[in-house]
Amino acid sequence: MKKRITRIGLGIAAVAVLGGILAYSMLTRRTLYTTTWFDLFDTVSVVKGYARSQAEWDEQMDALHADLLHYHQLFDIYNHYDGMVNLYDVNARAAEAPVTVDEDLYNFLNWCVNSVYPATEGATNIAAGSVLSLWHDARESDTPAPPEDALLRQALTHIEISNLTLDAATRSVSFADEAMSLDVGAVGKGYAVEQAAEAAEARGLDSALFNIGGNLRAIGEKANGEGQWTVGVENPWGSEPTYIQTLTLRPGYSLIVSGDYQRYFEYEGKRYSHLIDLTTGYPAEYCSSVAILAPAGGGGLGDALSTALFCLPESTGRTVLAGAEGYEALWMYPDGSTTQSDGWTGLSAE
């Protein structure tokens with residue numbers, strides 16, 4: 001009789017413990033939310049992640065949007081914004097006199113000049129605005145056509161980065177070449193996403209996946225024990241499947257892809273993409289797309305590398321990549337073939 005009572009008592013205790021675990025799980029389980037914006041970096045931005053309530057999620061997203069919008073406006077070369085000195089203002093005034101900028105913009109420009117430019121052997125050059133503006137205007141024209149060769153050759157003489165002067169003492173920017181202009185499209189978005197992600201983490205966001213116009217950045221893992229975030233490398237050839245590879249992003253890692261299918265125009269049967277080989281002044285034609293897997297905290301340089309490796313022969317790109325510890329790459333070619341660096345972790349999506 002005592003044994004039977006003991007068994008009943010143990011059974012009741014087990015049920016109570018199990019009930020407690022289930023109740024705790026229900027209380028701590030988090031819900032998946034998604035937010036979409038259309039006013040950042042001229043692209044669609046989607047953030048999904050986990051929170052304990054809609055209010056908690058909305059508070060995080062409001063702060064995140066404010067951070068991303070700050071960088072969007074700071075890096076804008078087409079518009080002035082009241083209350084800040086941005087790249088539009090720098091381009092308009094820096095050839096006449098040094099322009100004092102805020103700490104965020106100065107630190108970014110200093111990083112582009114002294115870290116990104118040498119790391120990419122000049123393939124990602126923020127001083128190339130004179131060339132890039134010709135192609136931008138061509139794409140935006142009602143009748144798109146390549147710029148005249150003579151104009152491109154002339155523009156290429158105004159992209160020397162040594163003519164961009166940064167003065168740390170006065171936190172100012174000046175141009176030694178009056179025809180120079182800055183364009184940070186090759187690196188600005190990746191830098192902004194990384195800065196905003198780190199700020200969001202500091203505010204307590206611990207489970208989210210950013211997709212800011214194709215720049216993917218993981219914060220933590222999925223909640224509720226669901227594992228790491230899974231992302232895909234888009235098929236650059238426009239056929240099935242939608243993604244040619246999938247891979248998981250460890251916390252803090254980023255996936256950035258540059259391809260000739262993203263922004264382009266066609267003229268007389270030829271595609272002209274927005275990714276310009278600065279040795280020729282014309283769109284690069286080495287491959288269809290390049291994907292970069294960046295380590296934790298490396299989303300900014302990852303963005304710069306995706307542009308650089310697209311605009312370089314693979315052999316040169318591999319040399320550049322070898323100097324960037326922890327970064328991996330996938331090259332995709334027009335014939336449907338791919339090559340990858342030794343540490344690339346993608347798996348076929350087929």
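## Salt bridge exercises

Asp67 has a relative accessible area of 22%, which makes this residue partly exposed. Keep that in mind as we work through this predicted model.

**Exercise 1.** Find out which residue forms a salt bridge with Asp67, and which parts of the chain the pair ties together.

*Solution.* 
- Step 1: Look for the partner. Asp67 pairs with Arg203, and their closest N and O atoms are 3.0 Å apart. The cut-off is 4 Å, so the pair counts as a salt bridge.
- Step 2: Asp67 sits in helix 2 (residues 54–74), while Arg203 is in the loop between helix 7 (188–202) and strand 6 (208–212), so the bridge ties together parts 136 residues apart in sequence.
- Step 3: Check the surface. Arg203 is partly exposed, at 35% relative accessible area.

**Exercise 2.** Work out how far apart Arg153 and Asp149 are along their helix.

*Solution.* 
- Step 1: Confirm the bridge. The closest N and O atoms of Arg153 and Asp149 are 1.9 Å apart.

**Exercise 3.** Decide whether Arg217 is buried or exposed, and name the network it belongs to.

*Solution.* 
- Step 1: Buried means under 20% relative accessible area. Arg217 has 3%, so it's buried.
- Step 2: Find a partner. Glu201 forms a salt bridge with Arg217, with the closest N and O atoms 3.0 Å apart.
- Step 3: Glu194, Glu201 and Arg217 are linked in a network of salt bridges.

Notes. Residues are numbered from 1 along each chain as its sequence is written. This is a predicted model: local features need pLDDT of at least 70, side-chain atom pairs count only at pLDDT 80 or more; totals for chains, interfaces and linings use all residues. Side-chain values use heavy atoms; hydrogens and water are left out. A salt bridge is a side-chain nitrogen of Lys or Arg within 4 Å of a carboxyl oxygen of Asp or Glu. Helices (H or I, at least four residues) and strands (E, at least two) are DSSP runs, numbered from the N terminus. Buried means under 20% relative accessible area, exposed over 50%, partly exposed in between (1.4 Å probe, protein chains only).
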